Amino acid sequence: MSKLFTLHSDIFLECAEYHQISEYLGGEINPEEQKFLTKAIAFYEKHKHDSDDSI
Amino acid sequence: MTQTTQFDPNGLKFNIFNPKKHQLPNIDFTQTNGQDPLSVQEYYDNCILNGRSETNEVKYVIKYFENWIGFFSIDLTRLHIKQSEMSHQHEGEGEGGDRLLQLPISALLIRKIGIDQHYRCYGIGKYIMLFCMGLAQTINKDKQIKLVIFKTTKSLAEKIYFPKYQFNFTGTSGKLVWAFKRIC
C-alpha cells in the first residue's frame with residue numbers, strides 16, 4: 001500500500017463550501033479539464049522520481 | 001544562482017524530500033512585500049531546512065537544473081461539513097435527509113507550496129499543479145480521490161489559479177480560500 005494512503009487528515013468546511021464542491025463534482029467534466037488531466041499524467045510520468053513508486 | 005531568461009520545464013526535477021540526502025539552502029519564500037500569509041517560509045524553515053518539526057505529509061523538493069527552487073507537501077484528506085453546521089442543516093430536514101451528499105469527499109491536499117522569489121514569473125505553479133494532478137490520477141486506481149485541493153489567497157485564486165489553470169475556489173469572504181479541481 002502506498003505511504004500516501006496511510007496518511008489521512010480531515011478538513012471541516014463551511015456548509016456552503018462543502019456544497020459548492022459537491023455540486024461541482026456532480027457536473028460533467030468538460031474538454032478543457034480533460035485536456036489538463038491528460039497533460040498532467042504525461043507530465044507526472046516524465047518528471048516523477050524513481051522513488052515516487054513507493055509513495 | 002543562475003539567472004534564467006527563458007524557462008525550460010524539462011529542467012525541473014521533483015524529488016521526495018530526504019533530509020539525509022538533500023542539502024537545501026536558505027531560500028526566500030515570502031511575498032515580494034515580505035509577508036508570509038500562508039506560513040510558507042515558516043514551514044520551509046522549520047519542517048524542511050532545519051527539520052525541527054515532524055510532519056506526516058509527503059514533501060517534495062524541486063530543482064531547476066542545479067538550483068533548488070521550491071517545494072510542496074501533500075497528503076490525502078477527507079472533506080466534511082463542520083459539525084455545528086450539520087446540526088443546523090438537519091434541523092430543517094425530515095427523517096433521512098440527503099445524507100449521501102454529506103459523505104466525506106476524498107481529496108489530495110497540497111498543504112504548502114513554496115517557490116523561490118527569483119523564480120516566481122516562470123509559471124512553476126502550473127507545473128506543480130500538473131505534477132500533483134498526474135500523481136493523484138496515477139495513485140487513484142479505485143477512483144476514491146475526487147479532487148486536488150489547496151488553500152491559497154483569494155487574490156492568487158482570482159488572478160492565477162482560476163483564469164490560468166481553471167481551479168475553482170470557494171466563495172468565502174475571508175482572505176484565504178480553498179482552490180480545487182477534480183481528477184475524475
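How many residues does the contact take from chain B, and how many from chain A?

A: In this predicted model, the contact takes 40 residues from chain B and 37 residues from chain A. On the side of chain B that touches chain A, at least two residues come from each of the following elements: β1 (12–16), β3 (67–81), α2 (83–91), β4 (105–115), α3 (124–139), β5 (145–153) and β7 (176–182). The largest share of that side, nine residues, is supplied by α3(B). Sorted by class, the side of chain B that touches chain A holds 20 nonpolar, 13 polar and seven charged residues.

Strand pairing also links the two chains. Strand β1 of chain A, residues 9–13, pairs with β3(B) in the parallel sense, over five bridges. Within β3(B), B:Ile81 is the bridge partner of A:Leu13.

The chain that carries this side may now be described as a whole. Chain B comprises four helices and seven strands, and its elements follow the order β-α-β-β-α-β-α-β-α-β-β from the N terminus on. Of its 184 residues, 36% count as buried. Among the contacts in chain B with a separation of 6 or more, 66% are between residues 24 or more positions apart.

B:Lys159 lies in helix α4 of chain B, residues 154–165. B:Lys159 is exposed because 11 other C-beta atoms lie within 10 Å, and a residue with 12 or fewer counts as exposed. The C-alpha atoms of B:Lys159 and B:Leu176 are separated by 14 Å, the two residues being 17 residues apart along the chain.

Technical notes
Residues numbered from 1 in each chain as written. Chains lettered and ligands numbered in written order. Predicted model: local features only at pLDDT ≥ 70, side-chain atom pairs only at ≥ 80, totals over all residues. Contact = placed C-beta atoms within 7 Å. Nonpolar A, V, L, I, M, F, W, Y, C, P; charged D, E, K, R; others polar. Pairing = 2+ DSSP bridges. Buried ≥ 20, exposed ≤ 12 C-beta atoms within 10 Å, placed from the backbone.
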